[in-house]
Amino acid sequence: MKQIRDAIVIGSGIIGSAIAFALTRAGIRRVTLVEKGPLVSGMTRRNAGLVHPFQAHPLLCDLANASYDFYNQWAISFGGKSPFVETGAAVVSNFAAPERFAMWNAHANASEIEPAALTARYPNVTDQFRAVMFSPRAGYADAVITAQALVNTAKANGLEVQTGTQAKQIVVKQRHVQGVQTTTGELEAPMVVIAAGGWSERLLAPLGISLQLRFRRGIVEFYEQPPTITHELPMLLDANSTFFFRPHPYHMSAAGRVSLESQTQGIESLDEFVSASDSTSVKQFVEACLAEFANVSTKRAHPILYDTPKDGLPALGRIANIDGLYVAVGFGTSAFAVAPAVGETLAQLLVDGSAARDVSSFSPLR
Ligand SMILES: Cc1cc2nc3c(=O)[nH]c(=O)nc-3n(C[C@H](O)[C@H](O)[C@H](O)COP(=O)(O)OP(=O)(O)OC[C@H]3O[C@@H](n4cnc5c(N)ncnc54)[C@H](O)[C@@H]3O)c2cc1C
């Protein structure tokens with residue numbers, strides 16, 4: 001039997017969870033979140049939960065600035081203990097004034113500081129860099145706990161969650177969305193949001209649509225924090241957005257790298273292999289920032305994939321030639337940092353037909 005809903009969201013990663021949360025908060029009554037596995041079982045489960053404004057495009061910086069306010073004011077939406085830990089974030093560079101610094105100066109709520117000023121604030125950080133950009137409005141959170149909190153709050157506002165349910169086909173008639181055919185039955189709704197991460201192309205292909213998603217691989221490693229670290233640590237990033245370091249609860253630290261080269265290996269065939277050379281390069285970045293990490297060894301590590309369209313920017317908004325079909329896909333390593341504002345923007349698009357923020361530069365079929 002068909003179930004009749006107002007909106008369907010496909011995918012319970014950080015993006016789909018934030019959208020489901022925002023739709024129920026915007027007053028859409030019958031929203032269903034469809035997830036093929038357990039809740040939050042895609043790449044969000046592996047991601048580093050970084051919240052910072054150092055993004056690759058002014059609009060992503062703007063979405064990150066708005067999302068920071070959401071994470072920082074967690075108690076307003078959720079009450080209780082916030083999973084967000086504010087650390088501040090610095091982009092460090094061995095070269096003077098990298099190109100992106102001007103963009104971040106204008107859009108990222110950040111400013112260039114003397115390397116010595118970073119060390120004065122965080123005494124364990126070396127001052128050997130040529131240029132440093134700093135924002136106090138940054139930190140991290142456990143991505144799974146955050147996504148689950150968004151879904152649970154939305155459930156209290158009427159969200160229906162169907163886990164173990166795979167969306168098989170978007171049903172479209174005469175260029176209008178009718179609903180979704182799933183492995184457990186048909187859901188009828190005039191609005192469908194695809195937030196299925198790297199799996200999204202499969203749902204769009206039968207409609208003759210491709211987002212041209214590319215996959216890039218990376219690793220996340222965890223170290224025990226050396227006992228000589230006695231001060232707070234910031235989040236640290238390199239100017240090419242290849243490496244990151246952040247503190248982690250229980251006297252641990254996390255660090256990682258992303259590959260800038262796209263690969264043909266799809267999301268279904270992600271192996272668990274972490275190469276020694278990747279591990280070494282991450283460790284070198286951490287040591288260059290924090291000399292006391294010279295002798296730490298990796299406690300655990302995992303690979304991770306991220307997806308973005310060909311130009312590296314996400315696909316966000318309505319699919320122009322099909323009424324009622326929306327996508328929010330390809331946010332790459334920015335997904336967690338921007339998810340709350342992405343959810344809010346999509347909710348405005350679905351409810352009002354337009355959003356306060358102009359997201360046309362991320363138009364899915366650009
Ligand atoms: C080293 C490294 C570090 C990273 N760190 C971060 C970080 O700090 N922050 C960040 O945001 N990103 C980070 N990423 C990127 C991260 O991998 C993802 O880009 C991000 O988690 C994607 O979120 P998502 O919600 O779009 O997709 P996902 O979390 O993958 O969610 C998609 C969901 O859709 C479900 N699904 C798929 N198809 C269907 C279907 N047909 N029917 C029903 N359900 C379906 C999946 O099971 C999955 O749960 C990092 C990547 C690398 C390489």
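So, the sheet: 8 strands make an open one, in the order β7-β8-β6-β16-β17-β18-β15-β19, with mixed pairing. Strands here are DSSP runs of E, at least two residues, and helices are runs of H or I, at least four, both numbered from the N terminus. Two strands pair if DSSP finds at least two bridges between them. At the edges sit β7 (111–113) and β19, each with a single partner strand, so one side of each has no neighbour in the sheet. On average, neighbouring strands are turned by 25° against each other, ignoring direction.

Helix α8 (residues 276–289) packs on this sheet and touches β6 (89–93), β15, β16 (235–238), β17, β18 and β19. Contact means C-beta atoms, placed from the backbone, within 7 Å. The direction of α8 makes about 120° with that of β18; axes are lines fitted to C-alpha atoms, for helices over the stretch in contact, with angles from 0 to 180 degrees between N-to-C directions.

Quick caveat: this is a predicted model, where local features need pLDDT of at least 70 and side-chain atom pairs 80 or more, while totals for chains, interfaces and linings use all residues. Numbering starts from 1 along each chain as its sequence is written.

Zooming in, β17 (residues 243–248) and β18 run antiparallel, joined by 6 bridges. F245 stands opposite A255 in β18.

Now the ligand. Which of the 38 residues around the ligand come nearest? That's G11, G13, G42, G197 and G218, where near means a C-beta atom, placed from the backbone, within 6 Å. β15 (213–224), β18 (252–258) and β19 (298–309) are among the elements that each supply at least two shell residues.

Conventions:
Contact = placed C-beta atoms within 7 Å.
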